[in-house]
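Trainee: Please take a close look at one part of this model for me. I would like a connected account, and then a word on what else can be read from the strands.

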Amino acid sequence: MNVAGFLVAQSLNALSQAAILFFIACGLTLIFGIMRIINFAHGSLFMLGAYVGYSTVAWTGSFWPSLIIAPLVVGMIGGTFEKLLLARLYARRDSGAYLMVTFGLAIILAETIRLTWGPQPLSIPIPDRLRGIVLISNQPFPIYRLFLIGMGSAAAVLTWQFLERTRAGLLVRAVSQNAEMVHALGTDVNAVRTGVFALGCAMAALGGVLSAPLMTAFLGMGSNVIIDGFVIVIIGGMGSFLGSIIGSVLVGFVQVFGSYYFEDLALAMMYLLMLAILIVRPGGMLGKEE
Amino acid sequence: MKESTQTRLSRRSLFRAASGAAAMLASPALLRVAAAATPIKVGIPTVITGGYAVLGSHVMRTCKLVDKMMGGKGVLGRPIEFLYRDTQGNPADCVRKSQELVERDDCRLITGVVVSSEARAIMPKLAEWKAFFISHGCGDGLLTTKEFLVPNFFRANTSAPMGARTLALYLKDAPEQNFIALGSDYAWGRSSVGAFEEQIKAVGKKLVDKVFTPVGNKDYSTYITKLIQSGAQGCYLALQGDEARSFFLQATQYELPKRLRLFTEIVAQADIRTFGKDAIGMVGSSRYAFTYDVPENKKFTEAFLAEYKEIPDWTDGEMYQALHILFAAIEKADSVEADKLVAAMENLEVSSVKGPILMRQCDHQGENQGFVVKVAASSKYPEPIPEIVKIYPREMITPDCLSTSYKTTG
Amino acid sequence: MHGRIVLAVSAVVMCATAPILPAFTLTLLTEALIFGLFAMSLDLMVGYTRLYSFGHAAAYGLGAYSTALLLIHFGLPLPIGILAGVAVSVVIAVPIAWVCTRSTGVSFAMLTLAFAQLGYAMLYRFKEFTGGSDGIGGIPRPAGPFGLDFFQGKIGYFYVVVFCLTASFFLCTVLITSPFGAVLAGIRENETKMRALGYNTRAYKIAVVVVAYGLGSLAGALYTPFAGFVAPELFFWLVSGRVLIMVVVGGAGTLIGPIIGGVFFVMLEHQLSEVTELWPLVFGAIFIAFVMLAPEGIWGLLTRYVRAMLPAPRGEAGQEASSAAS
């Protein structure tokens, strides 16, 4: 067995997993940065994206529209939820309440999905243009996974540019640092919050659509993935966008190489890493201390 | 005066609220008691939601078909009543739901349990519940060994060691020399891979490595890469439900079948349907092959196709067989009491959809033939079907008593 | 105050009627009370000290597995097995509490979650020992010291659970009404101020977390001989979420409220899941409704309703009633 070939193949696997994880972690961390809440419904929104994606594909006969429609639909649902329910809790200054309301939403969403689409897993076929493999270092690697890595990277770059270079991004960063000041300066902070929440949900949904061709849209997708999301956000730092990128890549590699070498330990290693980082830096690696 | 009215009102409303709450909590139970008391109740704690939900849905549809086929006549002049419960594949929930069936619904016949860990969880309680459990599809070899076997448990289906043995015997004449095995990391998967390891060595071939994937795992990229780089020529798979589907989808994306031949311990029609043309050529041992030409199977398959317009899957066939054997034992015992059923089922022989089945006395394992199938395109059906390529006699396939091993190599 | 009376009366009524209740109701009630105890233990953290935990399943799971392993491998008599299981869990809870209390708020919640998930993962790692995803079955209820064996039966075990619940409740009440409890209340309202006043708030928080884990592990330890089976799902974060729901819906900060929440939800879940497929939807909706509209929970609503109804001649409610009467 060729060592270089092995490393390359598994690293690519890790990056493809990291790409999906990034879509979840990015949204989670942005929402935390703005609202100081951990959105428990994020996993269910990811799952909703996959299912809406499936319906879009079934309706239009093509994969590509779902990449736009699913995030749009789920983003709107997320934004509505924030406006109707979460916004009322801000006055309460009770962090526990958000955790619980988003947890309740997670349950309701999961059930609604089951009732709407049924219990059978639904498959989204890979579009023809993305079928097949490429040989990298003599190892086969599916083109679709390269596409995933590409989409993840593109999303990371776009979000980064948005935060650094645009006025809206500037507002987002400002609100996450000092909401009251921004409000005093005349900006509608509530609108910023709704927007960021919707954006986070949309990203999770996009992650869901993209992962469906790999593993079908199935119930239980959400609860598996939400924990990974938390781990990443905590490792990378709550509220830190760069942290969500680093965290996703780190967790992707730990999962792939961990399960290769230490089958039994793979699961535990992620949580050990999370604990180790939290012990040293309670806000996560690059995070703002809570 | 107003005060005392208020007091009376408040006490009355409190009482009303309390009795209302009590009634709400008790009502389903009352409704159930009011129903007929004569039917024979068969409890089906199965997977209705969860990763193995497809298997549970098959269990239920076959039960409903059997119900229909019996036309209300039932056994011993009593109609059969199936009680379905959702365990989500969770052993703890299976214990809970089974206990409910026994204590609340007075139902002491249990079948339709999908996951081997669930079986392991309820078997120790059967004596206390005075309940009888016949497995239709639990494959863990250990269930019929000294460690886990209990008197009130019987297994009608092909077990994982039997499936592994069937495939290993077949592979003895195959061109591949080196194999690798991949199984789901729980009771059944470990049993299946372990048995295959033993059997493939017994026929003189090599097992290069064995890999276990976490239950519920979705991304198989790491493992697929491991398989590709192992240098093996064939891969033995012990995966079911969502896991089997995800694995195969991704394996096809990596073009794994071009590099090694995949063999599976279980061939599921539901999976074949999902993969379509990609499934053609897949070889596996099949717990039930709908094309097997015996009268009982013809009868079953025709009724099934007429009712559901779908090819019966392996769970359908095995569930039918288990019910067939259960009802035969009830007739023979003229009772539904556990002790009498045990005595009646031991040494019971039945002409089933899989051929002649003997329920062994020594370890309550049903002696089944072994079928090897190959998925091929079909002109008769809209999807590929598993065609029987070899059948092994039951004496060759069923392990030694109370064991998962075989004294003879075959 | 009313909580103590309600609990005492309910305990007596339940024990008296136990011999005549149908077998299944007794089984359900036993499980409901175990969950009630589990919820009450979390209330110490959430309701009295405002330490939101999303990892309380760890306490439950630790108690359940410790007791399971002790009963199977050492054949200890049941009461000893349960107590030993709790002792082991308390010892493990100390470093967990120490690490978690380094943070506050969301970080604290995430840390508790991390530990629970770590426990979950460890069960898979040491599967030869813990049975991995298959869990451990066939757990006995060995007769106790001095030939005690009444708890081997259903009714006897029910009495044991009622006893443990009542005893724990009174232990918590003593704790809450003591100076220790007063400090917790201070930490809940304004931790910075307490620290400024010279209290080592960290030590108090560690203490309350350990006690909460201890009682939570007692619930888990009681569950093991009851079900005869333990599985890794006991550690899963969904269990932590559920018990948090029970606390909030029951009424955080009241001890009796979460017990009611726990009992209410176990019974509701059983009945609803028979009647309708939609019960998780109803569950989630009820939960959100309580958080948004009735944060004081069931107990809070009950006490408000009762107080408004009864013409008690003391307090504002009494004055309203008497002024309405005259």
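Mentor: H2(C) has a kink of about 40°, centred on C:Asp43. Bear in mind that this is a predicted model. The helix runs over residues 23–49 of chain C. Its length can be checked. At 1.5 Å a residue, its 27 residues should span 39 Å, and the end C-alpha atoms are 39 Å apart, so expectation and model agree. The expected span is 1.5 Å times one less than the number of residues. Is the helix mostly covered or mostly uncovered? It is mostly covered: 24 of the 27 residues of H2(C) are buried. Buried here means that 20 or more other C-beta atoms lie within 10 Å of the residue's own. After the helix comes C:Arg50, with a positive phi near 50°.

Now to chain B. Start with strand E1(B), residues 40–46. Of its 7 residues, 5 are buried, so the strand is largely enclosed by the rest of the structure. E1(B) pairs with E2(B), residues 80–86, in the parallel sense, over 7 bridges. In that pairing, B:Lys41 stands opposite B:Glu81.

Next, an open sheet in chain B. Its 7 strands follow the order E7-E6-E8-E9-E10-E14-E15, with mixed pairing. E7(B), 206–213, and E15(B), 385–392, stand at the edges. Each has a single partner strand, so one side of each is left without a neighbour in the sheet. Neighbouring strands of this sheet are turned by 25° against each other on average, direction ignored.

Within the sheet, take E8(B), residues 234–238, and E9(B), residues 261–264. They pair in the parallel sense over 4 bridges. B:Tyr236 stands opposite B:Phe263 of E9(B). Helix H6(B), residues 160–171, packs on the sheet. H6(B) touches E8, E9, E10, E14 and E15 of chain B. The direction of H6(B) makes about 65° with that of E14(B).

Conventions: Residues are numbered from 1 along each chain as its sequence is written. Chains are lettered from A and ligands numbered from 1 in the order in which they are written. This is a predicted model: local features need pLDDT of at least 70, side-chain atom pairs count only at pLDDT 80 or more; totals for chains, interfaces and linings use all residues. Helices (H or I, at least four residues) and strands (E, at least two) are DSSP runs, numbered from the N terminus. The bend at a residue is the angle between axes fitted to the seven residues ending there and the seven starting there. A residue is buried if 20 or more other C-beta atoms lie within 10 Å of its own, exposed if 12 or fewer, and partly exposed in between; C-beta atoms are placed from the backbone. Two strands pair if DSSP finds at least two bridges between them. Axes are lines fitted to C-alpha atoms, for helices over the stretch in contact, and angles run from 0 to 180 degrees between N-to-C directions. Two residues are in contact if their C-beta atoms, placed from the backbone, lie within 7 Å.
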